[in-house]
Amino acid sequence: MAADRSASGGARLELRGVTKAFPGVLANDKVSFTVQPGEIHALLGENGAGKSTLVKMIYGVTQPDAGEIRWNGAPVGVSSPRAARKLGVGMVFQHFSLFEALSVTENIALGLDVSMRPGKLAARIREVLDAYGLALDPSRIVSSLSVGERQRIEIVRALLLEPELLIMDEPTSVLTPQEAAQLFETLRQLAARGCSVLYISHKLKEIQELCDAATILRGGKVVAECQPRRETAGSMAEMMIGAGLAAVKRPKARALGAEKLVVEGLSTAGEGLALQDISFRVRAGEILGVAGVAGNGQNELLEVLSGERPAARGSAQLSGGELLGRSPNARRKLGLCAAPEERNGHAAVGEFSLAENAALTGRDRRNLTSFGLVRPAPTRAFAEEIIARFDVRTTGPGALASALSGGNLQKFVIGREILQAPEALIVAQPTWGVDAGAAAVIHQALLDLAAKGCAIVLISQDLDELLAIVDQLAVINEGRLSPARETGAVSIEALGLLMGGVHGAEDSGADGGAEEAAYAG
Amino acid sequence: MRVELVARREPSRLMLYLTPLLAVSLTALVGAGVFSLLGYDGPGAAFMIFVQPITNPSLWPDLAAKAAPLVIIAVGLAIGFRANVWNIGAEGQYVVGALAGTGVALGTWGMQGAWILPLMVLAGMLAGGLYAGVPALLRTRLGVSEILTSLMLNYAAIQLLYYLMRGPWKDPEGYGFPETRQFDEARTVPKLSDWGLLTELDPGGVVHFGAPLAILLALIAWFVMARSLFGFRIRVSGAAPKAARYGGFAANRTIWMSLLLSGGLAGLAGVLHASGSVGQMVPAFPTGYGFMAIIVAFLGRLHPLGVALASIVLAITIIGGEEAQAKLGMPNAAAGVFQAMTLFFLLATDVFVKNRLRIGGRIKTGASA
């Protein structure tokens with residue numbers, strides 16, 4: 001990166017004093033930074049720091065209130081995503097927009113701004129795949145593809161337009177370590193050819209590994225610029241949250257109690273992925289981690305345990321009492337709480353106030369109803385307690401859940417379940433999209449809850465998170481759960497293979513050896 | 001110039017309240033135009049239908065009498081609709097409720113006592129609720145859409161009415177007319193004027209105790225929806241079905257509760273109308289209140305108090321339609337056309353609650369004017 005960072009003439013993208021306000025929030029306050037040609041530039045910040053708003057303006061989804069966006073030295077107005085693509089800006093969103101029932105080529109054709117003959121398009125796709133060594137079969141139907149492959153469709157879609165800047169929004173949150181490594185390789189190749197990459201992530205280690213420069217946002221303002229390779233993960237995290245990171249305190253040797261949550265041969269039928277023969281045991285005070293790539297039965301596992309989904313066979317006992325066949329309410333009264341991964345629409349109702357959302361699951365264990373009425377004062381008080389204890393940034397218990405940022409709503413949901421003092425807690429993706437500071441708060445709260453004797457099942461795709469706080473680790477793949485093992489006894493590589501070696505359980509091919517070895521431990 | 005719809009960050013409360021007024025105004029405007037083209041006095045009809053009933057106090061008792069059953073039915077429907085349970089069979093439940101009340105009245109014929117009327121009312125509510133239980137059973141057991149089954153049961157109820165009027169329940173002293181006996185005092189909901197209330201406003205004694213009861217029910221429903229666990233269940237189920245299941249509100253139970261409640265209220269409206277306003281059961285009893293209540297529920301934004309106001313608006317169009325028919329020779333269907341247009345425009349303008357219009361964009365040259 002020989003480019004002189006102060007000379008704007010050579011910059012690919014330059015933001016000067018870009019400001020954007022929404023009712024009640026200043027999302028971006030005079031943000032300025034520069035991205036050089038061929039540079040992989042990280043945009044780092046807490047939830048609600050203004051990263052998404054900023055890239056939406058660069059990609060033309062929204063317009064700045066003030067300030068200037070300069071593209072290759074000249075000021076531009078980006079009025080729409082189409083205009084952005086015309087300039088040469090591509091973007092891969094965190095959530096893909098793909099039609100499950102269509103093939104890769106058809107999906108790409110639908111996303112194009114110009115119409116192209118099928119033959120020509122297929123040839124162009126081939127060219128891009130070959131040029132970047134991307135493994136993807138254009139004739140496959142999307143529903144049969146892994147998340148990593150789906151992401152590659154979006155990348156190909158963007159690369160077909162030969163962009164000069166590619167924006168990647170939290171691209172690795174759904175990938176296995178191996179898939180992430182492949183993605184980095186692609187991005188490096190892209191950069192080597194002169195395309196700039198604007199890389200949004202909250203994973204500090206990735207940024208260190210991949211990025212040439214980083215701009216750190218806090219509260220809508222640029223607080224620091226740095227070269228990630230010269231920093232430590234800790235120092236970047238500090239810049240990001242503006243204070244020293246509270247390291248998660250994990251008691252060395254915890255006294256584990258008797259087996260509390262015992263699941264044997266649990267299987268489901270019906271809609272969704274079928275769970276097959278799930279068995280695990282969690283002792284009082286223990287955290288069982290369930291790793292796995294999204295869509296391998298995590299949601300089904302949470303729902304069958306919480307009572308939202310019927311089980312076909314098996315048993316699930318909490319302190320000796322059978323859970324299966326009981327309603328979600330009855331299970332909650334027995335002490336089993338759950339926090340599903342989808343915050344809006346499942347764990348919480350967007351158009352309801354936080355107080356009402358507090359009553360959604362907390363009404364029995366926190367005694368929020370009497371004579372069939374929801375008691376307003378204790379309900380508000382419970383919501384206020386969650387807000388205070390879990391540092392939920394909001395205007396108060398009357399705020400609508402949909403007005404909260406994803407990370408803040410996540411803190412609220414997790415806090416709501418933890419403050420019900422459950423006997424057992426099933427929690428999915430508790431820190432997905434949550435910034436480092438908030439993640440540490442959530443992790444500490446889970447550890448503290450375990451220390452009080454709660455049995456916790458933590459379903460997560462974030463291996464770092466699992467390795468940091470769980471006692472035992474199992475991997476879910478296509479509805480089957482591997483035997484759980486002590487966290488220290490398993491390597492990241494072996495886990496990655498278990499997760500991503502997807503079809504390994506039945507395969508007996510030459511490349512199945514490693515996965516079987518990993519299963520055998 | 002470009003005109004485009006842009007999604008709002010939050011639904012507009014102003015638009016939520018404004019669109020019903022907008023819909024009524026558009027209906028009056030377009031209706032006047034359409035009937036002018038057909039060769040009628042369009043503006044006169046619109047005035048007579050939408051304004052006259054408000055300005056002419058002698059029509060007020062009729063308004064109250066027509067609005068009361070609408071409020072009672074629509075409050076129940078609105079609660080179900082909030083939970084995404086679509087009871088389109090209120091007309092049938094209304095008829096069956098009235099028939100059950102009539103059954104009690106005729107079955108106890110010759111007896112006297114203050115217990116007869118409450119028993120009629122109770123029977124009406126039960127029958128309406130049970131009749132709505134049929135779609136609930138089919139939906140929860142077999143997954144059949146309650147929209148279809150409840151709609152079809154309307155016609156079954158009307159056929160039952162015709163059979164009973166022409167056969168078993170025909171007035172033995174009625175000269176062969178297909179009607180029941182006239183209810184006596186013990187079987188009639190008292191008029192407000194019987195108790196000396198509002199006699200100046202209602203000299204003819206048109207309004208019975210169904211009217212104050214309707215207002216009371218709307219207030220109770222408001223409280224229940226806002227404060228009770230049942231209301232919470234209904235609101236969660238409609239807003240986020242997955243969150244409802246997670247929160248411990250089983251969907252099947254919500255369907256049963258919504259249908260039993262809305263059916264029971266429709267049955268109540270039926271028995272009150274038969275006993276209080278008609279005074280007997282007649283084949284012409286079904287006049288579409290159950291269908292109009294659907295319009296009312298949406299016009300009132302599925303809010304109990306909004307429903308009460310919307311009922312008055314619909315009652316205005318009913319009374320006004322009758323007036324226009326009598327005085328301007330408008331066709332019988334005119335009032336129905338106006339009511340349907342109201343719902344049509346409401347649903348059409350609904351888009352502005354969650355979206356806003358952005359007019360403009362690029363005007364390339366000389367924007368001096």
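1. Within this predicted model, Phe285(B) touches Tyr94(B), Val95(B), Ala98(B), Leu161(B), Gly270(B), His273(B), Ala274(B) and Val278(B), leaving aside residues up to four places away in sequence.

2. Phe285(B) also belongs to the largest nonpolar core, which has 88 residues; together with Ile73(B), Phe285(B) has the most contacts inside this core. Helix H4 of chain B (residues 60-82) supplies the largest share of the core, namely 11 residues.

3. Because 5 of its 5 residues are buried, S8(A) is largely enclosed by the rest of the structure. Side chains in a regular strand alternate between the two faces of the sheet. In S8(A) both faces are covered: one side carries Ser196(A), Leu198(A) and Ile200(A), the other Val197(A) and Tyr199(A), and all of these are buried.

4. As to strand pairing, strand S3 of chain A (residues 40-45) runs parallel to S8(A) and is joined to it by 4 bridges. Within this pairing, Tyr199(A) of S8(A) is the bridge partner of Ala42(A).

5. Strand S7 of chain A (residues 165-169) likewise pairs with S8(A) in the parallel sense, over 5 bridges. Here Asp169(A) has Ile200(A) of S8(A) as its bridge partner. The chain passes from S7(A) through helix H6 of chain A (residues 177-192) to S8(A), and this β-α-β crossover is right-handed.

Key. Residues numbered from 1 in each chain as written. Chains lettered and ligands numbered in written order. Predicted model: local features only at pLDDT ≥ 70, side-chain atom pairs only at ≥ 80, totals over all residues. Heavy atoms only, no water. Buried < 20%, exposed > 50% of the residue type's maximum accessible area, 1.4 Å probe, protein only. Helix = DSSP H or I, 4+ residues; strand = E, 2+ residues; numbered from the N terminus. Pairing = 2+ DSSP bridges. Right-handed = clockwise from strand over helix to strand, strands pointing away. Core = buried A, V, L, I, M, F, W, Y, C linked by side-chain atoms within 4.5 Å. Contact = heavy atoms within 4.5 Å.
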